[in-house]
Amino acid sequence: MQKMLDRLYYEGFDWGDPPKSPEYRKAKENLENLYRKLMCVLGEENQALLNQFSEAKSDVFTLECRQSFAEGFRMGAALLIDVLYPGK
């Protein structure tokens, strides 16, 4: 089941378009501004460390999103089964 959900998550949807909400745009701009400010105040060695941290954080976030997707999919399937077959 997990392999099927992973395939659906990675291949079944086009995740290319970011959210279009004003909240997302504002949060994204804030993130980019803070990143630029940090890069300006850090030395070259620390900039590399910040980039490594950002990549590691991104890897963790990707795994968290995949897990949330799988849990949400399972919950949706369970709700559907409950509605279609009440009492089982």
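Analyst: Phe69 counts as buried because its relative accessibility is 17%, where buried means under 20% relative accessible area, exposed over 50% and partly exposed in between, computed with a 1.4 Å probe and protein chains only. This is a predicted model, in which local features need pLDDT of at least 70 and side-chain atom pairs count only at pLDDT 80 or more, whereas totals for chains, interfaces and linings use all residues. Residues are numbered from 1 along each chain as its sequence is written, and side-chain values use heavy atoms, with hydrogens and water left out.

An α-helix has 3.6 residues a turn, so residues three or four places apart point the same way. Phe73, at 33% relative accessibility, counts as partly exposed. The structure holds 1 aromatic pair, and Phe69 and Phe73 form it in a tilted arrangement, with 6.3 Å from centre to centre and 35 degrees between the planes. Rings of Phe, Tyr and Trp (its six-membered ring) pair if their centres lie within 6.5 Å, and planes under 30 degrees apart count as stacked, over 60 as edge-to-face and the rest as tilted.

Helix α3 itself runs over residues 44–84, and its 41 residues should span 60 Å at 1.5 Å a residue, which agrees with the 60 Å between its end C-alpha atoms; the expected span is 1.5 Å times one less than the number of residues. Its buried residues are Leu50, Phe69 and Ala70, and these pack against α1 (2–11) and α2 (22–41), contact being heavy atoms within 4.5 Å.

Gln67 also lies in helix α3 and, at 38% relative accessibility, counts as partly exposed. The C-alpha atoms of Gln67 and Lys3 are separated by 12 Å, although the two residues are 64 apart along the chain.

Ile81 is another residue of helix α3, and together with Leu80, Val83, Leu84 and Tyr85 it forms a nonpolar patch on the surface, with about 540 Å² of accessible area together. Accessible areas come from the Shrake-Rupley method with a 1.4 Å probe, and for residues only the protein chains shown count as cover.

Technical notes:
Helix = DSSP H or I, 4+ residues; strand = E, 2+ residues; numbered from the N terminus. Patch = residues over 30% accessible without salt bridge, like charges linked within 9 Å, V, L, I, M, F, W, Y side chains within 5 Å. Salt bridge = Lys/Arg side-chain N within 4 Å of Asp/Glu carboxyl O.
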